[in-house]
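Please read the notes with the sequence and the coordinates open beside them.

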Amino acid sequence: MNEYLIRKPLRSDLPFLADAVIAAERGISDKCNYSTLFNLSIEEVKELIIKMFEEEVDGCEFSLSSYLVTEYNKEPVAAFGAWIECLDGTMPSSILKSNLINYTFKKESVEFLKTKMDIVKELVAEREPLSLQFEYLYVSESHRGKSLAHDLINKHEENAKIIYPSLKKGQFQLFGNNTRIINLFGKHGYRVVKNYKSTHSEILNYLPYNEKLIMEKEFQD
Amino acid sequence: MEENAVVNKLEQVFKKVFKNESLTINRMMSANDIDEWNSLNHMILVAEVEKYFSIKFKLKDLNKMHNVGDMIDIIISKL
């Protein structure tokens, strides 16, 4: 009988991880910000995401080392990223991600982003140092309803406490219309602690929603 | 280009990106010191620095820039 196996990702998983990032970014909408804010097709975004992963930078959402993958019948069917922000004095993940984008994307794409800054700036949320940061959860449609996401959250929390025993909290940023994921994290003890709302009339042309939430859980000693 | 000239030119870039004509920079300054220095503005800052100085940073250069002083040193090394 085939079973689900949680493991670290391999380089051969990169196309799946790229699809996972794009699907997670879209949430319940059709808007992927790497496409809309950088004026790129989804195919171009996928190639660039793979290139960013291939740089093997640790400590952000484009680090292979941040991910766990669930395998079924030797194929990846779910993925979730998590890392401890600024562990051992590393740079903030937001800067690492920005550097990867600057290095990987074409200049014209970053120039295009410049023209959209005013639209999205209200939804930029920074991450708390030494907290467990989750990002980009994805479960293939045919494998949903099997607690794969729950298992990935549990595994990440378990691993993080081994790496950093003083870990105090976990956080997850998501758009406010993603009620399924809000409920999922709610079942793990995460609560909404902050929200960022955009008042810009064009926000929904570029992002999945006009509100971003931070959900948080404090870990017991 | 001498360090003073680099600092003066870099300060102009910072003023433009962060839309603050009274902003001054120093070697110890980092993202913690400017409220608007978030991930979006960092991307724009790096792109503008590359454009102003006609240089292209390697990824390892970018990930070594913990403060403005590091940025100045790396810019000088590329001129």
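In this predicted model, the side chains of K121(A) and D118(A) meet in a salt bridge, with 3.3 Å from N to O. K121(A) counts as partly exposed at 48% relative accessibility, and D118(A) also counts as partly exposed, at 45%. Over all chains, a search of the whole structure finds 22 salt bridges.

**Further salt bridges**

- R127(A) forms a salt bridge with E135(A), and the closest N and O atoms of this pair are 2.5 Å apart.
- R127(A) has a relative accessibility of 13% and therefore counts as buried, the limit being under 20%, while E135(A) is buried with a relative accessible area of 11%.
- In chain B, the side chains of E48(B) and K16(B) meet in a salt bridge at 2.8 Å, N to O, and this pair links distant parts of the chain, since E48(B) belongs to helix α2 (residues 39-53) of chain B and K16(B) to helix α1 (residues 3-17) of chain B, 32 residues apart.
- E48(B) is buried, with a relative accessible area of 1%, whereas K16(B) counts as partly exposed at 41% relative accessibility.
- Residues of both chains take part in a network of salt bridges that links E111(A), K114(A), K16(B), E48(B) and K51(B).

- Seven strands of chain A make up an open sheet with mixed pairing, in the order β1-β2-β3-β4-β5-β7-β6.
- The edges are taken by β1 (4-7) and β6 (191-197) of chain A, each of which has a single partner strand, so one side of each is left without a neighbour in the sheet.
- On average, neighbouring strands of this sheet are turned by 25° against each other, with direction ignored.
- Strand β4 (residues 132-139) of chain A runs parallel to strand β5 (residues 169-175) of chain A, and three bridges join the two; among the pairs, L132(A) has G170(A) as its bridge partner in β5(A), and Q133(A) has Q171(A).
- On the pairing of β3(A) with β4(A), six bridges join the two strands, which run antiparallel, and A78(A) stands opposite V139(A) in β4(A).
- β4(A) is mostly covered, with eight of its eight residues buried.

**Helices across the sheet**

- Helix α1 (residues 14-26) of chain A lies across β2 (67-72), β3 (75-84) and β4 of chain A, and runs at about 100° to β4(A).
- Helix α7 (residues 148-163) of chain A lies across β1, β2, β3, β4 and β7 (211-218) of chain A, and runs at about 35° to β3(A).

**The largest pocket**

- The volume of the largest pocket is about 1100 Å³, and of the 50 residues that line this pocket, the closest to its centre are A24(A), E25(A), E135(A), Y136(A) and Q173(A).
- Both chains contribute to the lining, as at least two residues each are supplied by α1, α2 (33-36), α4 (93-104), β4, α7, β5 and α8 (179-187) of chain A, together with α2 of chain B.
- E135(A), which is listed among the residues closest to the pocket centre, is also the salt-bridge partner of R127(A).

**The loop between β6 and β7 of chain A**

- L207(A) is found in the loop between β6 and β7 of chain A, and L207(A) is buried, with a relative accessible area of 5%.
- Although L207(A) and L37(A) are 170 residues apart in sequence, their C-alpha atoms are 8.4 Å apart in space.
- Leaving aside neighbours within four places in sequence, L207(A) is in contact with K31(A), N33(A), L37(A), V120(A), L123(A) and F175(A).
- Y209(A) also has its place in the loop between β6 and β7 of chain A, but Y209(A) is partly exposed, with a relative accessible area of 27%.
- Y209(A) and I28(A) are separated by 181 residues in sequence and by 9.4 Å in space, C-alpha to C-alpha.
- With neighbours within four places in sequence again left aside, Y209(A) is in contact with L123(A), F175(A), G176(A), N177(A), I203(A) and L204(A).

Methods. Residues numbered from 1 in each chain as written. Chains lettered and ligands numbered in written order. Predicted model: local features only at pLDDT ≥ 70, side-chain atom pairs only at ≥ 80, totals over all residues. Heavy atoms only, no water. Pairing = 2+ DSSP bridges. Helix = DSSP H or I, 4+ residues; strand = E, 2+ residues; numbered from the N terminus. Axes fitted to C-alpha atoms, helices over the stretch in contact; angles between N-to-C directions. Contact = heavy atoms within 4.5 Å. Salt bridge = Lys/Arg side-chain N within 4 Å of Asp/Glu carboxyl O. Buried < 20%, exposed > 50% of the residue type's maximum accessible area, 1.4 Å probe, protein only. 1 Å grid on protein atoms, 1.4 Å probe; cavity = no way out; pocket = protein on both sides within 12 Å on 5 of 7 lines; lining within 4 Å. Points joined across faces, edges and corners; volume = space filled by probe spheres on them.
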